[in-house]
Amino acid sequence: MKVLVDRNIEINAITHKTMLVSRAIKWGPHYHKVDVAQRVHFPPRDDEAFRREQLPFLAALCASAKHGNPELFSSHEIRMERLRQRGRSEGYLGINLLRDVPIGIVPSPVQRSIAIAGDFTMGTTEDEQMEFFRSITDPRFLHIRKHTGDGHIDDSYHLWTAENAKLDAFLTMDKRFYGVMKQKSDLIGSPVLVAIPEDLCGRLGLQPLDIRGLAAETNPFA
């Protein structure tokens with residue numbers, strides 16, 4: 001199975017981060033406060049039931065993807081989103097479920113130019129990316145956009161990208177876009193399955209994994 005990975009999947013795959021935590025250290029007869037690098041878990045909040053339900057399935061997908069099934073892909077425009085979010089990193093001691101997972105790149109249906117030179121950039125901001133999406137007049141993209149709405153114009157583009165690359169699925173944890181696609185799937189008529197992690201695990205026969213158990217088994221200094 002060949003799958004395009006939404007940016008929110010990359011973000012949610014980071015379950016633990018490296019943090020500096022203040023600790024009291026005894027040195028001779030005195031105690032001193034020092035900052036110690038430590039692995040810290042960032043589980044979903046109590047009001048994030050959807051994320052809490054999907055993360056064990058995402059862990060199972062990532063573990064299976066390390067062995068080539070599913071095959072994961074990104075795209076130029078998803079990488080543009082990542083470029084704007086450089087601070088979202090797991091750090092040296094953190095855990096990224098996508099670490100060591102091979103991720104290919106599929107071509108964009110419409111090419112555009114960006115420029116990065118010192119402090120000057122062109123085409124990398126969210127506004128510029130949205131303006132690019134709104135400028136596209138391809139009939140297939142306009143059909144998808146019409147039924148998903150302007151609030152999902154970026155996801156519509158990613159779905160169109162997956163269609164053009166002849167992928168099997170577009171994996172997302174955007175609950176709203178997933179819901180729209182469930183409601184409008186007949187109208188949109190996409191050959192690409194818009195799926196959440198639980199959906200793909202069901203199709204691949206994968207069981208959810210325990211995130212805390214994975215963390216306990218992962219040597220922070222390996």
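**Strand pairing, salt bridges and a helix face**

In this predicted model, strand 1 (residues 2-5) pairs with strand 9 (residues 169-171) in the parallel sense, over three bridges.

Visitor: Which residue stands opposite Phe170 in strand 9?

Guide: Strand 9 covers residues 169-171 and pairs with strand 1, residues 2-5. The residue opposite Phe170 is Leu4.

Visitor: In what order do the strands of the open sheet run?

Guide: The sheet has five strands, with parallel pairing. Strands 1 and 9 pair over three bridges. The order is 6-4-1-9-10.

Visitor: Which are the edge strands?

Guide: The open sheet has the order 6-4-1-9-10. An edge strand pairs on one side only. That applies to strand 6 and strand 10 (193-195).

Visitor: How many salt bridges does the count come to?

Guide: Side chains of opposite charge can pair when their charged atoms come close. Here the cut-off is a Lys or Arg side-chain nitrogen within 4 Å of an Asp or Glu carboxyl oxygen. By this rule the count is eight.

Visitor: Which parts does the pair of Glu77 and Arg112 tie together?

Guide: The two side chains meet in a salt bridge, 2.7 Å from N to O. Glu77 lies in helix 3 (residues 76-83), and Arg112 lies in a loop, so the pair ties together parts 35 residues apart in sequence. Those parts are helix 3 and the loop between strand 6 (103-106) and strand 7 (115-117).

Visitor: Are Glu77 and Arg112 buried or exposed?

Guide: Buried means under 20% relative accessible area, and exposed means over 50%. Both Glu77 and Arg112 are buried.

Visitor: Which residues do salt bridges with shared partners join into one network?

Guide: Arg45 bridges to Asp47, with the closest N and O atoms 3.0 Å apart. Arg51 bridges to Glu48, at 2.9 Å between the closest N and O atoms. Through shared partners, the one network joins Arg45, Asp47, Glu48 and Arg51.

Visitor: Is Asp47 buried or exposed?

Guide: Residues over 50% relative accessible area count as exposed. Asp47 has 58%, so this residue is exposed.

Visitor: What is the relative accessible area of Glu48?

Guide: Its salt-bridge partner Arg51 is partly exposed, at 22%. Glu48 is buried, with a relative accessible area of 16%.

Visitor: Why do the buried residues of helix 4 lie on the same side?

Guide: Helix 4 (residues 126-135) has Gln129, Met130, Phe132 and Phe133 as its buried residues. They lie on the same side because they cover an arc of only 155 degrees around the axis.

Visitor: Which residues are exposed on the other side of helix 4?

Guide: The buried residues of helix 4 include Phe132 and Phe133. On the other side, the exposed residues are Asp127 and Glu131.

Visitor: What covers the buried residues of helix 4?

Guide: Those residues are Gln129, Met130, Phe132 and Phe133. Their cover includes helix 3, helix 5 (139-148) and helix 6 (153-164).

Visitor: What percentage of the protein chain's residues count as buried?

Guide: The chain has nine helices and 10 strands. It exposes about 12,400 Å², with 52% of that from carbon and sulfur atoms. Of its 222 residues, the buried share is 41%.

Terms used:
Residues numbered from 1 in each chain as written. Predicted model: local features only at pLDDT ≥ 70, side-chain atom pairs only at ≥ 80, totals over all residues. Heavy atoms only, no water. Buried < 20%, exposed > 50% of the residue type's maximum accessible area, 1.4 Å probe, protein only. Helix = DSSP H or I, 4+ residues; strand = E, 2+ residues; numbered from the N terminus. Arc of directions from axis to C-beta. Contact = heavy atoms within 4.5 Å. Pairing = 2+ DSSP bridges. Areas by Shrake-Rupley, 256 points an atom, 1.4 Å probe, with all protein chains shown as cover.
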